[in-house]
Amino acid sequence: MVEVLPRLISGPRFETYLRASSGAPETAVRLYLWNIQASAALWGPLAILEVVIRNALHDALRSRRRDDWWNDPTVRLMPRERSMIDDAIAGLVRRGIARPSPDQVVAATTFGLWTGLTDGGVPRDPYLSYETALWQPRLAEAFRHAGTVRRKQIHRELDDLRILRNRVAHHEPIYRTDLVRTRDRMVRVAGYVDPDAARLIMALDRSDDLVAQRRELT
């Protein structure tokens with residue numbers, strides 16, 4: 001495997017694991033394979049979290065208004081979020097869906113859109129302050145189990161998980177990630193929305209076993 005893996009994944013990619021393994025090729029191979037296992041173990045819980053957050057925020061934004069809330073003239077979005085929705089719609093059209101339904105658009109959006117909506121927007125702007133225009137009247141309701149946890153903390157945790165999710169999706173190294181802390185964060189944020197979502201993530205958790213395997217590599 002030591003001779004095969006660098007050829008299969010490229011020398012520069014293998015070099016990252018080699019440096020992390022103090023130059024020991026056999027350890028680098030085991031670390032790369034462990035990284036794959038860790039990424040696979042994270043993908044399911046991250047997928048649950050993403051869908052739960054997406055659906056909760058979508059439900060809050062469409063409540064008492066049209067399902068395609070992004071077309072409601074009372075909803076003002078920053079260019080960042082507006083372009084994410086436009087990109088989702090354009091992608092569906094390219095796939096031959098001439099008139100995507102709201103559900104299809106929501107399913108095609110990225111985690112970045114929903115994370116961005118929990119940001120503060122433009123402070124004190126009467127239209128683009130997400131805190132006052134989106135969070136206080138609507139989005140806070142999506143996190144009904146958050147207690148006294150504030151929007152800023154929820155946004156920070158979601159953004160950290162978004163970054164990790166993208167690293168996993170792009171097959172990047174995550175071997176320095178604290179898996180137990182990440183598990184706890186996913187459970188905590190999912191629980192802000194629905195305790196059952198938190199329990200589902202816990203049911204899929206493999207972090208303790210993976211941490212034990214990681215220790216054997218050192």
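Predicted model: local features only at pLDDT ≥ 70, side-chain atom pairs only at ≥ 80, totals over all residues.
P102 is found in helix α5, which covers residues 102–108.

**P102 and its surroundings**
- With a relative accessible area of 25%, P102 is partly exposed, because that class lies between the buried limit of 20% and the exposed limit of 50%.
- When its neighbours within four places in sequence are left aside, P102 is in contact with D67, D68 and W70.
- From P102 to T115 the separation is 13 residues in sequence, and 19 Å in space from C-alpha to C-alpha.

**Aromatic rings**
- The structure holds five aromatic pairs; in one of them, the rings of Y17 and Y32 have centres 5.1 Å apart and planes at 85°, so this pair is edge-to-face.
- Because Y17 lies in helix α2 (residues 11–20) and Y32 lies in helix α3 (residues 25–62), the pair ties together parts that are 15 residues apart in sequence.
- Both Y17 and Y32 are buried, and together with Y175 they form one aromatic cluster.
- R214 lies over the face of another aromatic residue, W34, at 5.6 Å from the ring centre.

**Nonpolar surface patch**
- M1, V4 and L8 form a nonpolar patch on the surface, and their accessible area together is about 290 Å².

Key
Residues numbered from 1 in each chain as written. Heavy atoms only, no water. Phe/Tyr/Trp six-rings, centres within 6.5 Å; stacked < 30°, edge-to-face > 60°. Helix = DSSP H or I, 4+ residues; strand = E, 2+ residues; numbered from the N terminus. Buried < 20%, exposed > 50% of the residue type's maximum accessible area, 1.4 Å probe, protein only. Lys NZ or Arg CZ within 6 Å of the ring centre and 35° of its normal. Patch = residues over 30% accessible without salt bridge, like charges linked within 9 Å, V, L, I, M, F, W, Y side chains within 5 Å. Areas by Shrake-Rupley, 256 points an atom, 1.4 Å probe, with all protein chains shown as cover. Salt bridge = Lys/Arg side-chain N within 4 Å of Asp/Glu carboxyl O. Contact = heavy atoms within 4.5 Å.
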